[in-house]
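Dear colleague,

Please find below the sequence and the structure that I am handing over to you. My findings follow directly after them.

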Amino acid sequence: MNSSELTIAIVGATGAVGRVALDLLEERRHPAANIVAMASSRSAGKRLPYAGTELTVIEAKPDAFHGVDVAFISASSEVSKRLAPEAVKRGSLVIDDGSAFRMEDAVPLVVPEVNGADVAWHSGIISIPNCTTTPLVMVLDALRSISPITAVTVATYQAVTGTGAAADLELMTQSHAVLDDRDVVVDQYPHQIAFNVLPQVDDFLSNGYTKEEEKMLNESRKILHDPALRLASTCVRVPVRVSHSEAVTVEFQNPVSPGEARSVLDRAKGVIVVDDPHNSVYPMPLSAAGRDEVHVGRIREDIAHDNGLSLWLSCDNLRKGAALNALQILDEVLKRDCLKPAGLTARI
Ligand SMILES: NC(=O)c1ccc[n+]([C@@H]2O[C@H](COP(=O)([O-])OP(=O)(O)OC[C@H]3O[C@@H](n4cnc5c(N)ncnc54)[C@H](OP(=O)(O)O)[C@@H]3O)[C@@H](O)[C@H]2O)c1
């Protein structure tokens, strides 16, 4: 089946990821008649521009999934847990952006360039990873073709749209307030984000890491099929609107030269090497925003570790970090002809 023949629901169509998903469907010329825009009851009746016409938002509730072939859910974990099983019962394939199902054994967690074949064993739900995990595993997967990886250390620089549309508005509002010498209102984060950086993304665990840092480890292990992967991260929120960046140090079993790394990354699908530091050419959130690829640069020997390599990456968190990866998962499902899980044929 061709993807443009499918009826696709975007749950969270009014949100940061949902809006980008609609942009991507419009770029792919998906017919408006085959798109169902869903959000909370607050947004029911709201009209969203789409391909020269408008989509009317409906409330996401179980019966809204009748006739939906594929449901992209980009709302919250609570919404995913409540609605995904209902959508599956009604015959939809759910591609879920949130963390609700990512680590469940029966749910594939997929970055098509790395483990696309995993879509084949879905039982109705496929998850996409956290927006920091996706670009990292794409780079690690390419690099491990040169030598086995023994350890990875990462510091992230995460944009506010990773938290959603309300955090983006908060960054803008706080920035105006600071520049106008007015009081700053803090709502989305524990502290002011404008003109600041926060070494906290999500809640802290008893071991001193945050849930975001734990997700990067567990999700990378699942996607790379490497349960012994050693990976430590420090996740940091920065006052950037779109695109997450990461400073990555990879340790290998054998020596890996920057030239070898550049050459495999150059050939890796979905990755672009942007690496001419003497001319100040390197990945930046501003140049990665709106682009589909993971931008990688500052590739150099790590002088503090044996067989170490350091690099810097930037990636649009709303596109490859979320909506684009979700659409590419659908492409992979169609390519492998596994829209329906084995045994599920009838709608209720
Ligand atoms: N942002 C990223 O970079 C990123 C990357 C990867 C994954 N994700 C995941 O994607 C999901 C959405 O993130 P976001 O950044 O787009 O958030 P957001 O901007 O806050 O948007 C949330 C969306 O969820 C909808 N929603 C809220 N309550 C609902 C309900 N009860 N029923 C149906 N819809 C409801 C909202 O609709 P209303 O407008 O009606 O409230 C809105 O459309 C999250 O699970 C997030 O973890 C985000």
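In what follows, a residue is near a molecule or strand if its C-beta atom, placed from the backbone, lies within 6 Å of it. The model is a predicted one, in which local features need pLDDT of at least 70 and side-chain atom pairs count only at pLDDT 80 or more, while totals for chains, interfaces and linings use all residues. Residue numbers start from 1 along each chain as its sequence is written.

**The ligand shell**

There are 29 residues around the ligand, and those that come nearest are Gly-15, Ser-43, Ala-75, Gly-98 and Gly-164. By class, this shell holds 13 nonpolar, 14 polar and 2 charged residues; here Ala, Val, Leu, Ile, Met, Phe, Trp, Tyr, Cys and Pro count as nonpolar, Asp, Glu, Lys and Arg as charged, and the others, Gly among them, as polar. Helix H1 (16-27), helix H5 (165-179) and helix H9 (319-335) each supply at least two residues of the shell. Helices (H or I, at least four residues) and strands (E, at least two) are DSSP runs, numbered from the N terminus. Which helix gives the most to the shell? H1 does, with 3 residues.

**The two domains**

The protein is divided into domain 1 (3-129 + 322-335) and domain 2 (133-317); these bounds come from an automatic or database domain assignment. The C-alpha centres of the two domains lie 25 Å apart. Between them, 14 residues of domain 1 are in contact with 20 residues of domain 2, where contact requires that the C-beta atoms of two residues, placed from the backbone, lie within 7 Å. On the side of domain 1 that touches domain 2, the elements giving two or more residues are helix H3 (112-115) and H9. The residues of that side divide into 8 nonpolar, 4 polar and 2 charged. The ligand shell also draws on both domains, with at least three residues from each of them.

**The parallel sheet**

An open sheet is formed by 6 strands in the order S5-S2-S1-S6-S7-S8, with parallel pairing; two strands pair if DSSP finds at least two bridges between them. Strand S5 (58-59) and S8 stand at the edges with a single partner strand each, so one side of each is left without a neighbour in the sheet.

Strand S1 (residues 8-11) runs parallel to S6 and is joined to it by 4 bridges, with Ile-10 standing opposite Phe-72 in S6. Strand S6 (residues 70-73) in turn pairs with S7 in the parallel sense over 4 bridges.

Are the faces of S6 buried or exposed? Both are covered: Val-70 and Phe-72 on one side and Ala-71 and Ile-73 on the other are all buried. A residue is buried if 20 or more other C-beta atoms lie within 10 Å of its own, exposed if 12 or fewer, and partly exposed in between, with C-beta atoms placed from the backbone. Strand S7 (residues 93-96) is likewise covered on both faces, as Leu-93 and Ile-95 on one side and Val-94 and Asp-96 on the other are all buried.

S6, helix H2 (residues 77-89) and S7 make a right-handed β-α-β unit.

**Individual loop residues**

Most residues other than glycine have a negative phi. Asp-202 has a positive phi, near 80°, and is found in the loop between H5 and helix H6 (211-224). Asp-202 counts as partly exposed because it has 17 C-beta neighbours inside 10 Å. His-225 also has a positive phi, of about 55°, and lies in the loop between H6 and strand S10 (231-234). With 10 C-beta neighbours inside 10 Å, His-225 counts as exposed.

Ser-41 is placed in the loop between strand S2 (35-39) and strand S3 (47-50). Why does Ser-41 count as exposed? The reason is that Ser-41 has 10 C-beta neighbours inside 10 Å. Ser-41 and Glu-293 are 252 residues apart in sequence and 35 Å apart in space, C-alpha to C-alpha.

With kind regards

Notes
A crossover is right-handed if, with the strands pointing away from the viewer, the path from the first strand over the helix to the second runs clockwise.
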